[in-house]
Amino acid sequence: MNEVLHLTVNGEPTRVPGPASVASLLRRLAYDPAGHLAVAVNKTFVPRAQHQHHPLRDGDEIDVVAPMQGG
Amino acid sequence: MSSAFSIGGEELASRLLVGTARYPSPEVMRRAIRAAGASVVTVGLRRQAPGERAGEDFWRLIRSLGVRLLPNTAGCRTAREAITTAHMAREIFDTRWIKLEVIGDDYTLQPDPFGLVEAARALVDDGFEVLPYTTEDLVLAQRLVDCGCRVLMPWGAPIGSGQGLLNPRALAALRHRLPDVTLIVDAGIGRPSHAAEAMELGFDAVLLNTAVAEAGDPERMAAAFARAVEAGRLAYEARPIPERDLAQASTPLIDTPFWHQH
């Protein structure tokens, strides 16, 4: 099945072939697997241990965040 | 030296907490944090594009400082956003401490009290040590304590405004009514005298960022704030004299030259 998922990653429209998980999306987008990153799907936190098992659905909004300066 | 201070059961060497934003360069930030003697610094999260290195570079810099990290939920406007951000921060920074910000107004960056209480309750239940950025409102403070917050961080003035303590009487009332809660003035501090004032009121610590980061010489200003915080705390512990309406001569007058009874 070559279903295409229409996702939004950090606010940007992104299309990926399905099925996809959080882990496969991060790999496909070439995020550093050892990087200090955290992920939310549809504004809900997805812990690193679940990235492999969390399936993405058409229309999902994904946020990938990293450390930054803050007050 | 003033007495010890702790957050979440962890004893901290300094009562000055500083932010990591808005410095002219990473090296200036590093020197300023060292000059402040801060044992806790605040950090944030931002969206990162693939291949972007900013997050990793900042991570390495901040780890090299050997300080405790206090991640924030800056930019969150609802309890749900703040809760999710807190969980992401816990995973990335490996700490259960969170500076909880739920902003209710874009112009003043005033906390949304309703979202704040909702998020604080959920995060305390999830095992976080929640440090809410709040207003000086006493009843809101009590609600946050009821949720399980052991530290409250009322604003002195709007974030980045440098106006100092706009409502010192309300801040003093918070101290008086919540003697067992750790109180940290967060936001609005512009000068070391503002920080000293907060400490003289009995606040346990001061958290600031812009006042140091955007000073002409951040390292020097950080050193000035460190002394002001220590001076204010020592003064509080030394119990200042009450204000009086009339003069009271400091030199004993009896038997001074030309003394006579009126």
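How much area is buried between chain A and chain B, and what percentage do carbon and sulfur atoms give? About 2,500 Å² is buried, and carbon and sulfur atoms give 57% of that area. Buried area is the accessible area (1.4 Å probe) that two parts lose on being put together, summed over both. This is a predicted model: local features need pLDDT of at least 70, side-chain atom pairs count only at pLDDT 80 or more, and totals for chains, interfaces and linings use all residues. Residues are numbered from 1 along each chain as its sequence is written, chains are lettered from A and ligands numbered from 1 in the order written, and side-chain values use heavy atoms, with hydrogens and water left out.

**Contact residues**
- Chain A puts 27 residues into the contact and chain B puts in 30 (heavy atoms within 4.5 Å).

- Three salt bridges are counted between chain A and chain B (side-chain nitrogen of Lys or Arg within 4 Å of a carboxyl oxygen of Asp or Glu).
- One of them pairs B:Arg53 with A:Asp32, whose closest N and O atoms are 3.8 Å apart.

**Strand pairing**
- β5(A) and β4 (residues 40-47) of chain B run antiparallel, joined by five bridges (strands pair if DSSP finds at least two bridges between them).
- In this pairing, A:Met68 stands opposite B:Gly44 in β4(B).

Note on methods
Helices (H or I, at least four residues) and strands (E, at least two) are DSSP runs, numbered from the N terminus.
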